[in-house]
Amino acid sequence: MKNATAFQEKTLTQIDTKWRFVHWRSAILYLLPSMILFSVFLFYPLGKTLYLSFFLTDQQGVANVFVGWENYQYILQAESFHKSIKATLLFVLYTVPTGILISLFLALLANEKLKGVGFFRTIYSSTMGVSVAASAVVWLFIFHPSMGILNQLIASVGGTSIDWLLHPDWALVSVAVTTIWMNIGFSFLIILGGLQNVDEHLYESAKISGAGYFYQLRRITIPMLSPTLFFVVTVSLINAFQTFGQVDILTQGGPSESTNLIVYSIYREAFVNYQFGTASAQSIFLFLCILIVTILQFKFGERKVHYQ
Amino acid sequence: MYSVELINVDKTYDNKQLVVKDVNITIQSGEFFVLVGPSGCGKSTLLRMIAGLEGISAGTLRIDGKKANHLPPSKRELSMVFQNYALYPHMTVEDNITFGLDVKKIRKKEQRKKCNDIAEMLGLTEYLKRKPRHLSGGQRQRVALARAIITNSPICLMDEPLSNLDAKLRAHMRAEIRELQRKLGITLIYVTHDQVEAMTMGDRIMVLNEGEIQQVGKPIDVYNSPANPFVAKFIGSPPMNLTTGLVNREKHHITLQDQLSIPIDPMVLNNIENNKVIVGIRPENIEISSANSQANLSFEVKIDHLEILGTETLIKFKWNNSDWYAKWHGQWNIDVGQSLQLQLDKDSLCIYDEHTEKLIVKPSNIQKQNVREGII
């Protein structure tokens with residue numbers, strides 16, 4: 001009898017551990033695809049970058065000499081990197097608020113119940129479907145010093161033409177304009193979605209109370225839209241910090257490094273100058289910057305966000 | 001307090017189908033007026049037209065005697081309570097209540113004072129700093145009420161305000177809203193699909209179906225003599241029992257399904273044009289047949305279902321292929337499946353023309369009921 005119970009208990013625990021193993025195994029199997037993808041394309045490169053940032057490398061990118069924090073010290077003292085940080089911050093400042101304000105404005109327009117509003121919604125969101133390279137090339141033509149439509153317009157009004165991409169003061173603005181144009185599609189679509197989620201009755205109730213359009217905008221629309229705006233701001237910030245394609249096509253970081261944004265600077269450091277160590281150090285620096293900005297944003301920005 | 005007048009009002013969305021057809025009604029100032037009808041009958045549309053949230057396709061709307069067709073909602077001096085309350089989810093209860101005052105740029109101090117007064121009246125004082133999502137359904141409902149009455153608008157519109165509440169709370173809020181209206185003396189236009197709310201709350205009710213007025217009157221009059229079979233079916237729970245009858249002019253009676261014959265005054269008979277009529281009787285006017293009853297009005301049925309509600313007993317049976325109900329006072333011990341001899345009270349019948357659906361004969365024992373109500 002005693003044996004029987006002992007035997008039963010033993011089999012029970014055996015079955016239990018067996019089942020636990022089976023569950024665990026199937027859970028891992030389900031997770032495996034994303035784990036492989038993340039490892040190959042995210043975790044491994046991140047680790048490798050961190051590793052390389054402490055080394056001097058040869059031209060093939062093979063780590064040769066361990067130098068500790070020297071790469072970091074070097075980039076933090078280098079004037080070109082300071083310039084690059086300054087350009088990136090300015091670029092973020094130019095693109096993010098302007099882009100979101102324009103998108104918000106367009107979304108408010110496109111949220112009205114009008115005939116043919118679907119057409120405008122399509123147009124406003126269409127830049128989402130254009131690749132960075134294609135739109136940069138289009139803007140390259142627009143900004144062309146003599147043939148570009150922008151300078152022709154200025155000339156026709158009687159102004160003096162501007163060397164958009166060739167003048168150090170204008171180049172960053174020009175890249176920013178291109179970027180804003182490219183990002184509007186995405187921001188517009190997300191904000192429009194947010195607007196359409198706001199209960200129509202709130203506006204009707206406000207209308208009966210006698211609230212005007214801007215009063216409604218300030219006290220109902222913007223607060224109700226805050227989760228959406230928060231998302232758009234976060235994504236736009238991160239995107240702005242990582243801008244590369246349009247810089248490469250429009251200015252290649254010039255003139256006189258005025259558009260040498262961090263990611264472009266990393267690219268040049270690694271694949272033009274073959275300084276993989278300092279490039280990695282810059283990458284880690286950028287990663288930390290974005291991380292800190294995002295954490296700060298969640299900490300302070302989210303307080304003003306109202307979730308349903 | 002303002003009156004609201006609708007003159008030949010139409011509403012159409014596609015210029016083909018009328019959602020509201022030729023509505024003529026004057027809502028007196030200080031009246032509790034209930035618009036009732038099944039869903040999709042146009043009652044909410046009508047209310048939104050009065051509010052100014054929907055345009056008026058044809059006809060005239062007068063508020064306080066002045067034409068208001070094209071006035072914006074804010075200029076109509078009314079407040080509105082929505083079905084889903086439409087509380088601003090990001091604002092505290094206090095901000096929600098004072099929204100209308102804030103719009104009018106009334107000083108903060110005064111806003112707070114008014115808000116506190118109204119919160120006290122509605123028992124919301126301790127919730128003022130909370131967000132609507134932290135309130136129960138009944139509390140949200142009260143916030144919506146508070147927001148509507150704080151502006152002192154002479155007209156208040158309510159669009160099915162109780163339909164999101166549970167049954168018990170609904171019964172409680174019915175009385176509360178009615179008392180509030182009486183205390184403030186405002187003109188209240190109330191939309192509901194629930195005939196119990198219509199019966200219990202309104203000074204007058206208007207029954208709508210497919211955009212057309214079916215009947216307007218005091219709830220008890222509408223209940224006692226419904227103007228047509230639709231109203232008879234819609235008002236009252238369980239609904240009025242209806243069946244078709246044939247007029248026999250020689251013998252001065254109406255036969256129901258070759259079984260019963262109802263004697264009819266020859267004078268009344270002259271008013272009946274069509275030979276086919278619809279005869280209706282309220283469930284409470286079907287009685288159990290006694291030995292000395294008129295044989296021509298009694299019939300035997302098999303009981304299908306029984307509900308004993310404590311004060312009354314509801315009996316369901318099939319008669320001539322339609323479900324009929326009888327409602328008797330007290331608790332009756334009847335078995336399902338049992339046969340019963342029932343009889344109709346011939347003074348309580350409503351008779352309608354089958355073709356025009358107009359009421360020809362009203363129940364004649366209403367007076368008796370009115371007196372009895374007066375004594376109670």
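Which helix gives the largest share of the lining of the second largest cavity?

1. Basis. In this predicted model local features need pLDDT of at least 70 and side-chain atom pairs count only at pLDDT 80 or more, while totals for chains, interfaces and linings use all residues. Residues are numbered from 1 along each chain as its sequence is written, chains are lettered from A and ligands numbered from 1 in the order in which they are written, and side-chain values use heavy atoms, with hydrogens and water left out.

2. Cavity. A cavity is a set of points, on a 1 Å grid over the protein atoms alone, where a 1.4 Å probe fits but cannot get out; lining residues have an atom within 4 Å of a point.

3. Lining. Helices H3 (79-110), H7 (168-196) and H9 (213-241) of chain A each give two or more residues to the lining of the second largest cavity; H3(A) provides the largest share, 5 residues. Helices (H or I, at least four residues) and strands (E, at least two) are DSSP runs, numbered from the N terminus. Among the lining residues are Ser103(A), Asn183(A) and Ser236(A).

4. In chain B, strands E12 (residues 253-256) and E13 (residues 260-263) run antiparallel, joined by 4 bridges; pairing requires at least two DSSP bridges. Ile254(B) stands opposite Ile262(B). The hairpin has 3 residues between its strands, and Gln257(B) in the turn has a positive phi of about 50 degrees.

Terms used: 1 Å grid on protein atoms, 1.4 Å probe; cavity = no way out; pocket = protein on both sides within 12 Å on 5 of 7 lines; lining within 4 Å.
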